[in-house]
Amino acid sequence: MKSVAIFRHSPTEGAGYFATFLDAHRIPWRVVRVDAGEPVPAEPREFSGLVFMGGPMSVNDELPWIRGELNLINRAVDADIPLLGHCLGGQLMSKALGGVVTRNGVKEIGWGTVAIADSAAAREWFGAAREFSGFHWHMETFTIPPKAVHIAESQYCANQAFAFGKHLGMQCHVEMTPSLIRSWCEEWEKERVPTAGPSVQTPQQMFERLDERVRSLNKIADRLYERWIEGLA
């Protein structure tokens, strides 16, 4: 099998649990370190699947690699190469496929319930689960692109996930590990949030029952990732 390409846009936003999942299933992968200046590949057929991780930037920023990734996403859809997006990655997918990315009503940071839509498309990806506690860290949101299907939402962000055939775009993070969460929380004060609130948790709140919460999140990730790898050649 060709490798799965994992696009990293920030040194602290790596593959996390997704890499653990791929290793457990003996699926080869490699990281494209966009944050370190590695060029965006031009040909999606070099890989069995393309996975886009998060990052602090906006897909609307004038960064040289953004246009390359948007073009690559469109070429991957044409070539029937599965796409998977986490947070910024989901926003990139939405924009490339005809959606719009704008500021969300509020920042959403920390653990929060994600409600799963009551639809065949949602059940195809999530199985029997009706909701889960997802991890969030974003201030922007995407619209559901044409031909895609809305499959999840949260109290503070209406569009948490969409499906488009074998492709899955998410606003929330299901790839989290305890070490990733701890490293992100070191940057919490840079978010310039005066105080925590209903949609923003403090690091202390995020650390409560951390291992238990991450294990529960891993189970949801397993379900989504298992469905996604079915599309790999």
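**Aromatic pairs and helix packing**

Hi everyone, let's start with a tyrosine: Tyr 225 has 0% relative accessibility, so Tyr 225 counts as buried (buried means under 20% relative accessible area, exposed over 50%, partly exposed in between, with a 1.4 Å probe and protein chains only).

A quick word on the source. This is a predicted model, where local features need pLDDT of at least 70 and side-chain atom pairs count only at pLDDT 80 or more, while totals for chains, interfaces and linings use all residues. Residues are numbered from 1 along each chain as its sequence is written, and side-chain values use heavy atoms, with hydrogens and water left out.

Now the rings. Rings of Phe, Tyr and Trp (its six-membered ring) pair if their centres lie within 6.5 Å; planes under 30 degrees apart are called stacked, over 60 edge-to-face, and the rest tilted. That rule gives 10 aromatic pairs. In one of them, Phe 7 and Phe 52 have ring centres 4.7 Å apart and planes at 15 degrees, so this pair is stacked. Phe 7 sits in strand S1 and Phe 52 in strand S3, so the pair ties together parts 45 residues apart in sequence. Helices (H or I, at least four residues) and strands (E, at least two) are DSSP runs, numbered from the N terminus. Phe 7 is buried at 0% relative accessibility, and Phe 52 is buried at 0% too.

Back to our tyrosine. The rings of Phe 18 and Tyr 225 have centres 4.7 Å apart and planes at 70 degrees, so they are edge-to-face. With Phe 18 in helix H1 and Tyr 225 in helix H7, the pair ties together parts that are 207 residues apart in sequence. Ring pairs also link Phe 18, Phe 21, Tyr 225 and Trp 228 into a cluster.

What do the buried residues of H1 pack against? They pack against strands S1, S2, S3 and S4, and H7, where contact means heavy atoms within 4.5 Å.

Finally, two helices: H2 (residues 64-79) and H3 (residues 88-96) pack at about 65 degrees, with axes 9 Å apart. Axes are lines fitted to C-alpha atoms, for helices over the stretch in contact, and angles run from 0 to 180 degrees between N-to-C directions. H2 is therefore roughly perpendicular to H3 (65 to 115 degrees; under 35 is roughly parallel, over 145 roughly antiparallel, the rest oblique). Residues in the contact include Trp 65 and Ile 66 of H2 and Leu 88 and Leu 92 of H3.
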